[in-house]
Amino acid sequence: MRRILVAGNWKLNGNKASIQQLVNSIVTGANELTKVSIAVCAPYVYLPLTAELLGSSAVALGAQDVSEQDSGAFTGEVSAPMLLEIGCKYVIVGHSERRALFGEKDGDTARKFAAARKQGLIPILCLGESLAEREAGQTETVVARQLDAVLELEGVQALSDAVIAYEPVWAIGTGKTATPEQAQAVHAFIRERIAAQDEAVAKKIQILYGGSVKGSNAAELFAMQDIDGGLIGGASLDAQDFLKICQAGQNQ
Ligand code: PGA
């Protein structure tokens with residue numbers, strides 16, 4: 001059995017006061033949720049504050065992006081060794097907003113994935129098609145291409161210390177959730193593609209769903225065979241809703 005992971009992605013939101021409130025509520029609520037793994041991915045500058053607020057709780061810390069470089073003359077970048085030192089366990093790579101708004105290509109994502117793993121961080125690799133791609137029947141082609149970029153650079157074994165998040169772009173922040181069946185179909189496709197190279201890795205890897213997950217729809221998504229949790233944007237900024245999603249994971 002794969003453990004459910006619920007990871008919050010705060011994106012470009014929050015300030016010291018709101019993060020303090022949010023994290024304190026999550027830590028308190030998460031105390032009883034021993035059967036689900038929980039993480040929060042904070043903006044870079046608030047990682048140290050979030051780490052301090054999380055303290056020794058079981059809620060893990062993650063970042064939202066990472067440089068493919070470890071150090072050097074790369075103004076504005078933040079490296080995997082830095083994230084590790086500050087207490088991160090996870091880092092999101094290849095989020096669709098990085099791909100669409102900041103020109104990140106499959107190869108860039110694959111190198112970020114590699115840089116994170118080299119330090120022992122767990123990359124949360126985001127895959128997902130746009131609405132136009134779905135309507136053109138290209139969902140599997142796009143997801144396969146994004147996944148293959150990592151498989152080709154790092155090999156299938158690298159996925160045994162990684163998490164995948166399937167996030168259809170048309171469902172992110174739109175309130176339009178993929179149906180459990182739509183999501184399950186793509187999750188199964190991803191797992192089969194990995195299984196074609198290594199069955200054990202495919203069985204072990206957590207594949208999260210992301211895209212308008214809320215307290216009200218998490219349970220039906222997490223009930224699907226190949227959905228092992230969620231990457232939560234908007235709802236992760238509301239402690240009560242986020243905890244409801246975690247509770248849905250706990251109940252699986
Ligand atoms: P959303 O975002 O939950 O607000 O749709 C998910 C994500 O982008 O990770």
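Predicted model: local features only at pLDDT ≥ 70, side-chain atom pairs only at ≥ 80, totals over all residues.
Residues are numbered from 1 along each chain as its sequence is written, and side-chain values use heavy atoms, with hydrogens and water left out.

Q: Why is helix 7 called oblique to helix 8?
A: Helix 7 (residues 139-154) and helix 8 (residues 180-195) pack at an angle of about 45°, with axes 11 Å apart. Angles under 35 degrees count as roughly parallel, over 145 as roughly antiparallel, 65 to 115 as roughly perpendicular and the rest as oblique, so helix 7 is oblique to helix 8.

Q: Which residues make helix 7 meet helix 8?
A: Contact means heavy atoms within 4.5 Å. Thr139, Glu140, Val143, Ala144, Leu147 and Asp148 in helix 7 meet Val186, Phe189, Ile190, Arg193 and Ile194 in helix 8. By class, this contact has seven nonpolar, one polar and three charged residues.

Q: What makes helix 1 roughly parallel to helix 11?
A: The axes of helix 1 (residues 16-30) and helix 11 (residues 239-250) cross at roughly 30° and come within 9 Å. That angle therefore makes helix 1 roughly parallel to helix 11. On the helix 1 side the contact is made by Leu22, Ser25, Ile26, Gly29 and Ala30, and on the helix 11 side by Ala239, Phe242 and Leu243. These residues divide into six nonpolar, two polar and no charged.

Q: Why are helix 5 and helix 7 described as oblique to each other?
A: The axes of helix 5 (residues 106-118) and helix 7 cross at roughly 50° and come within 9 Å. Helix 5 and helix 7 are therefore oblique to each other. Among the residues in contact are Phe113 and Arg117 of helix 5 and Leu153 and Glu154 of helix 7.

Q: Which residues come nearest to the ligand?
A: A residue is near a molecule if one of its heavy atoms lies within 4 Å of it. Of the 13 residues around the ligand, Lys11, His95, Glu167, Gly173 and Ser212 come nearest.

How values were computed
Axes fitted to C-alpha atoms, helices over the stretch in contact; angles between N-to-C directions. Helix = DSSP H or I, 4+ residues; strand = E, 2+ residues; numbered from the N terminus. Nonpolar A, V, L, I, M, F, W, Y, C, P; charged D, E, K, R; others polar.
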